[in-house]
Each structure stands twice: as structure tokens, then as C-alpha cells.
2 protein chains.
Amino acid sequence: MPQTKILLDESDIPTHWYNVVADMPNKPAPPLGPDGKPVGPEALAPIFPMALIEQEVSAERWIPIPEPVREAYRLYRPTPMFRAHRLEQMLGTPAHIYYKYEGVSPAGSHKVNTSIPQAYYNAQAGIHRLATETGAGQWGCSLALAGQMFGIDVRVFMVKVSYDQKPFRRSMMHTWGAEVFASPSPHTVTGRKALEVDPNSPGSLGMAISEAVEEAASRPDTNYALGSVLNHVCHHQTIIGLEAKKQFEKVGEYPDVVIACCGGGSNFAGAAFPFLADKAAGDPRAKNTRLLAVEPTSCPTLTRGHYAYDFGDSVGLTPMMLMYTLGHDFMPPSIHAGGLRYHGDSPLVSQLYHEKLIEAVAVPQLATFEAGVAFSRAEGIIPAPESCHAIRACIDEALKCKESGEPKVLFFNLSGHGHFDMASYDKYFSGQLEDFEYPAAAIDEALHHLPKVG
Amino acid sequence: MPQTKILLDESDIPTHWYNVVADMPNKPAPPLGPDGKPVGPEALAPIFPMALIEQEVSAERWIPIPEPVREAYRLYRPTPMFRAHRLEQMLGTPAHIYYKYEGVSPAGSHKVNTSIPQAYYNAQAGIHRLATETGAGQWGCSLALAGQMFGIDVRVFMVKVSYDQKPFRRSMMHTWGAEVFASPSPHTVTGRKALEVDPNSPGSLGMAISEAVEEAASRPDTNYALGSVLNHVCHHQTIIGLEAKKQFEKVGEYPDVVIACCGGGSNFAGAAFPFLADKAAGDPRAKNTRLLAVEPTSCPTLTRGHYAYDFGDSVGLTPMMLMYTLGHDFMPPSIHAGGLRYHGDSPLVSQLYHEKLIEAVAVPQLATFEAGVAFSRAEGIIPAPESCHAIRACIDEALKCKESGEPKVLFFNLSGHGHFDMASYDKYFSGQLEDFEYPAAAIDEALHHLPKVG
């Protein structure tokens, strides 16, 4: 049997992140301020260190990875790529299925790829504290760990419903020394207002972002860190795809389809953008390679949202960004892939989708758990509900190959493990989960809530 | 900075397990039947396949690993070895600290190393179902996963208190398709009797073993599988130490101290026995190497137990084995390292300890969590409470090196992650945990409960 794991040495950890902006046919639309005019880097300075702001607006193809970041990456990178022999056999497909496994990071997901550089650059800038939001807890854990590595205190606003339902993600953050508050919280003006309106508010990612941004903006010793959406976050995640390309070189294959789940977009960006680089460079192997973002039917940002300027948070503290959005006041249905419930999508991913350089598909919840259970029985690893979306789409592609007889090379990013999501699996097994199709009327309605531009 | 992870290729997965019996100065004392006479292999045939019974009584130094087992191992083996640079810096020690990380197995611990071959040999023998016990759930998960790989149904008797307190380990077993019952259960005579006496019995590992053995002995289609203690289990685990030796070759070092936590003994056996092989072979590097088993002060089997014949289960269904024991009716205090609460210890480990070829130390609970938190902040990985015992002992050795200035090479096995033990960390942080010194009177008392031999 051919190799199961394709491993790289620590010396293979990339020395640069890839910036897709250099290869985009049209330059990214700028973020806009409240006056409808483009915001410059200086507007971001109260909450981000200059090194990250420079990356945010950079058009350079390659961004050097600082040596202390590469050293911290060595705790878990390069991550393994697996050939899914057992899954292929189970499906009876001629496809070759490969997956990269980001769940080997101590926090259990790809999020650590950006929390480490974010903590590093903030430490270099003399910042002692970072405020952030977290939904299901994967980002909060990742920043807690990275903060610990670089001597930065971390304060996490955790969406209330997750704070209550995922106590062990909280414990993990505590273990790494972070403070965790349920959001909406009494610690910010935004939180207090929300609690006045509804003391039992379950919170939302947009609300938690508002609180963290407020905290960072109002304290000189505190900066803000975001786990997805922004350009610099997408750049950092490209380490996934860059390693994957080296691993494909080792086995002498190249993917026909690259698949990743897509919430804020950085996971998809990280897996897919480096292959877009090959397409842009005219690499003949990449010519027909499809890049497929997978989202839930309950939060169908790319596949059914509006391509429009909108806020990144729920109350409008952030600049407006041109992106696919369901409206910044979108209240996500309570699905189990907490990481895929964001109202918007990375402006870079959105623009590439709008320009038809990447594809997107929405899948219903039950089908994703079905795929996740099949995967875990074949390959051992129990995937995070977010990752189950990529697995679902990959299995669907593999079944098409079975019908057509094509031995396509399929690649997906297994963004994290499901060790803290077993309650969701329990609900799936006991028939308590359902599918949720986001209603067309709500999508139409969202149009009227978008901020006015210009 | 020198390498952080020392990796091996799949081709480096050992082709043979090591059997320490070949190198023991005195042959192992035989298990005894109810009549006080040695039991032969045939007595074990109703519950174990012949291939495992042969391994149980084998004196061959090397036991070949079947190819399908090596293939299944490739899902997670070889496991990485890490140089703990950050922990060394945190401690300010001149020691070189290395750890092997078995938590990368899909079930999260070293137990999969033996569940895979046990499921394989049973499948080869035409067995369709395995019954087993589990305490905290690590072994149950490991057998559920392995059963799924080889088409064997798995029925797990899970100690009641863990069944209630660790619902997510249960969910994991369900995800891999196993049935899980709280023990004592109404499914066996033993369980029903225990429930009559106390309907709210919290259960014990010995009780769950009794139920699983009864189930296997009374059904021709069902065999039994044990996750530790027995010789063949210790053999299978030597893959840990055998790989570690290859990894030490790669960095040109050799351990002065080999450290592993010790409950039933197979984890310690797996990490340490291959280094004992070097000692037996007169390897000069191994001459002064110390092999250190670490147990909790609340269940101090090796350090304070009786070296005597005793049953492996709580009601006396198993043969009697010569081992360190606290008495088969020992009721373990409710500490959080569920995997270290067994009343006895592997006969092989026990005999080697009795003959002073290995060492043992007992450590109190709070100090193990303190060590685990320090480790997780330095190295990222949050360790299982069992593994925290090894970390505690390793840190103590590293601090001795700091005092003496000796740059010793310390090696410990990080047997599993703590993702399903965060409630224990919460209790530690909130001051709800305490130390528990097993009372001397209880140890004296146990002497009177040991079975009469001959």
C-alpha cells in the first residue's frame, strides 16, 4: 500500500506567507469609513500593530515569516498530509483523496497559524494585552496559547451560548492563562446596552467582535486580534496550502479539486490561495484545478448573500468592507458548526468568488454529520463540525468520480478535530439535529439593513 | 535552535514488538488457577484467541507485527518525539528533556497500540464481538476504534462514575460504533448482584473487568480484551520505546532517565522495556540509565503494595497473578487520573521492580496538575492527568539537574492528551482538588483479603 502520511521536515516550514492580492486580476476594494471614504492604515492603528496593518494593505506576493514565528510553528508544523486509503475503499471510489490535518496544533485547529504571528507582532510593538472574540472557542483557545508563548495577556469575549454550552473550551483557555467573559458582558458599553435590551441574550459573533474592538479601542495598552476575515489573517493561513504543495510534490500528484469549509474565509483562503498562485503563474497542472468553498445552508453567505459593503461587527464599529453578507444584524440559527456562523466573508474570498475564480457550495447540517461519522470510522480522526462540511463536499466529489470512473485527485483541509464537539455528535445520533435552509425572505430583508455607502 | 520534533518515516515503524521476558534474569511467575496450580494456555482459550495466548506465554525476544497491524498503525505511527526546548527554558535546567507524544492517535492515547493488534488477532480467529471494561474511557475508545477497523462489534462496560462524569468519551465510542453500558450493569450476573447490594454503586475497574470477562466467557461469539496488565499488552506497547530509540539515534543522544506513568503498567512497559533490552545486551550507553515508573500516592501499588498472588478483577473470575497489589477489593479514591486507579500492576513490571531492575515513585495529585499546567503553557499540549504524573517526575529530575548542573538526558512518555479531562483541570483551578495519601491501615488490612495460595 502506498504511503498513508506524507510528512515534511521542520526545515520545510515555509519561510514566507503567500499574499493572493499580488495575483488578483482586480485590486481589492478598499474598506470604507463612516463617511464612505476609503480608510487608510492610520485608522487601524489604535487596535492593530503597524506590522499587521502593513500586511493588511500589502500587494507584495511574498511576506517573510519572522524566525520566532517559525520557531513557534515547530511545536506542530509542518502538519501531516494523509492519503485517505480507508475512506477511498469505503466509498469504492477511484479518486485519490488527500487531506491535510490542522487538528494536530495544540489548540486543535488551523487558527493557531495566525494567532502565533498576531501575538508575536503585538509583542514586538510593546503591546501587553490582546482582546478578542470567540464563538465556539477555537479562536479564543488559539490566541490564549499564542499569548502565553509571547508574554501577552489575553482577554476573550465568548459568545454567551457557547460560553454556557462549551465549558471545556473555556477551561482550555484558562489552562493557557487567558481571561474569558460571556458576551454580551457588563465590561463594555456595547455589552451593557445589549444586556439592558435582553439580559438573557445568547450573543452573537458580531456582538462579541463589537465588545472586543471597543475594549481595544478604549485602552492604550490593549490591541485587538481577529481570527478570520481580514487580509493578514488569510495570508498567515496560506502556510497550509504552501506545505500541501510540497507534500503533493513528494507523492508526484496535483489536486484536481481543493476543498475547504468557509466561515469567515481564512481556512479556505489558507488551503486554496497557494493553488490559485499556480493558476496565475500558468502552471499547466493547475489549469483545471477547482477551488471549492463549502458553507452551511443555514448561513449561505457566498452562495446566497449580497455582494455589498457591510460592517464586520454587529453594531458598526468596524470599517465597511465589500463582501458577501447576510447583513451585519444577521442572527445565525443555532447550528453546530459555530465557526461557520459569521454574517459576512473575507473580502478577498468574496471578490475572488464574485470574479468566478473560485467556487462555492452550501451543504445541509445532517449531511455534514453523516460525512463526519463515515470519515471517523474510516480514518479514525473525529472531525470538527466545521471540517465535516469539507468532508461532505469531498465525499460528494468522490462519489461523482465513482460514477464517471475518473481517478481525480481530491484534496481537502481537515481544519480541526471534534474533541470539544461531542455533544453535537450526541445530538446527531439521537436525532435531535435538523437541517435549516436560510429563508429567502430574510435574505431579501437584509438588503434593507445594509449601510448606505457614499 | 536544534530540532523540536524528531520524526520517523512510516518505513521506520518497527517490524517486531519486544518481549522483555527473554531478558529477565528470572522467568515470570506463572498465573495460578483456583486450585493454586499454574494455569495453562488452554484455560485462557474461552476468552482470548490463540495468537494472543501464545504471546502471553512466549519467551521469544521478538514478536513479529502482522502487516495489517503495521498498516493500521500508519494512521498515526510513528508518533513524534519532541525536544522540550520551551519547558527546559522555563525551568532553567541544563537537562535535555525529550518526550514521545502518543496523544496523536485518533483515540488520544497509547492504548490504540494494543487495541489494534487485539482486534486484528480476534478477527483472524473468527471472533465477531469483543467485550471489555473501561475506566476513564481511553481504553474503551481505543478498542471501539480498532473494532471498527477490523469489523468487530465492541461492547464496553464503563465504570459507572465515569459513565456519568465523562459523557463525551461515551460519545466517542458511539461515533466509532461501540455499545457502552454503565457498570455495574443489569447485563451480567456479577452486575446484577452488585446492583442488588447497592443500586447506586459507582462501580470500579475491577467490577467492570468482572462483567466483561463474564460476558466473554458465557458467549461463544464473544472474546475479552484487556487494555493493560497482561504480558501481551506490555509487548504491544514496546513499539513506543522501540521508536523512541530510533529517534534518539537521529539526534545522537541516549536517555539517562526513562519516565512513564504506571497504572496497570503497560504504558510504563512500552516506554521502558526496550531500554532494558539495551541494558541486558550490555550496551554501555544504557549502563546507568534509570527506568522510573510514576504512580499516584492515592494508589501506590508498586511503592507501598504487597508483592503477592491476587486476582485481576474484583470478584475473582481471573487467574491469580503474582504482582504488587493493594487487594482486589481495593476501592480507589476518586482521583482524576482514572487510568492509574487499578489495584494491581502488570506481573512483568511487578517482578522487574521486585528484582530492582526498575524504580518507582509516587506523586501527589496537586503536584501532578501543577506540572501539567506548567507543561501546557510551555509546550502547548494539555496532557491527560495520567501523563501529568510522568511530567511531574520529569520536572523533579530536571530541577535536580539544575541544582547539580548536570546536563542529563531525560525522556518521558506523554501517553495522552487531556481534551476529555478539562473538568479535572477546572477543579484544580478552583481549588477543589486535594491530595490523598493512601492510609497505611488500609494497606495492612488488604493483606488479609488476599486469596490463599496452595
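**Exercise 1. In which loop of chain A is A:P184 found?**

Solution. Start with the ground rules. This is a predicted model, where local features need pLDDT of at least 70, side-chain atom pairs count only at pLDDT 80 or more, and totals for chains, interfaces and linings use all residues. Residues are numbered from 1 along each chain as its sequence is written, chains are lettered from A and ligands numbered from 1 in the order in which they are written, and side-chain values use heavy atoms, without hydrogens and water.

Now place the residue. A:P184 sits in the loop between strand 8 (179–183) and helix 8 (189–197) of chain A. Helices (H or I, at least four residues) and strands (E, at least two) are DSSP runs, numbered from the N terminus. The peptide bond from A:S183 to A:P184 is cis, with omega near 5°.

**Exercise 2. Find a cis peptide bond in chain B and place its proline.**

Solution. Go to B:R77 and B:P78. A cis peptide bond joins them, with omega about -10°. Then place B:P78: the loop between helix 3 (67–73) and strand 4 (81–83) of chain B holds this residue.

**Exercise 3. Describe the interface between chain A and chain B.**

Solution. First, count residues. In contact (heavy atoms within 4.5 Å) are 43 residues of chain A and 43 residues of chain B.

Second, take the area. The two chains bury about 3900 Å² between them, 56% of it on carbon and sulfur atoms. Buried area is the accessible area (1.4 Å probe) lost on putting two parts together, summed over both. In chain A, the residues that lose the most area to chain B are A:L75, A:T175 and A:R377, together 17% of what that side buries.

Third, look for charge pairs. There are 2 salt bridges between the chains; a salt bridge is a side-chain nitrogen of Lys or Arg within 4 Å of a carboxyl oxygen of Asp or Glu. A:K5 forms a salt bridge with B:E10, and their closest N and O atoms are 3.4 Å apart.

**Exercise 4. Which residue forms a salt bridge with A:E67, and where do the two lie?**

Solution. The partner is A:R70, with the closest N and O atoms 3.5 Å apart. Both residues lie in helix 2 of chain A. They are 3 residues apart, about one turn of the helix. To finish, take the total: the count comes to 45 salt bridges over all chains.
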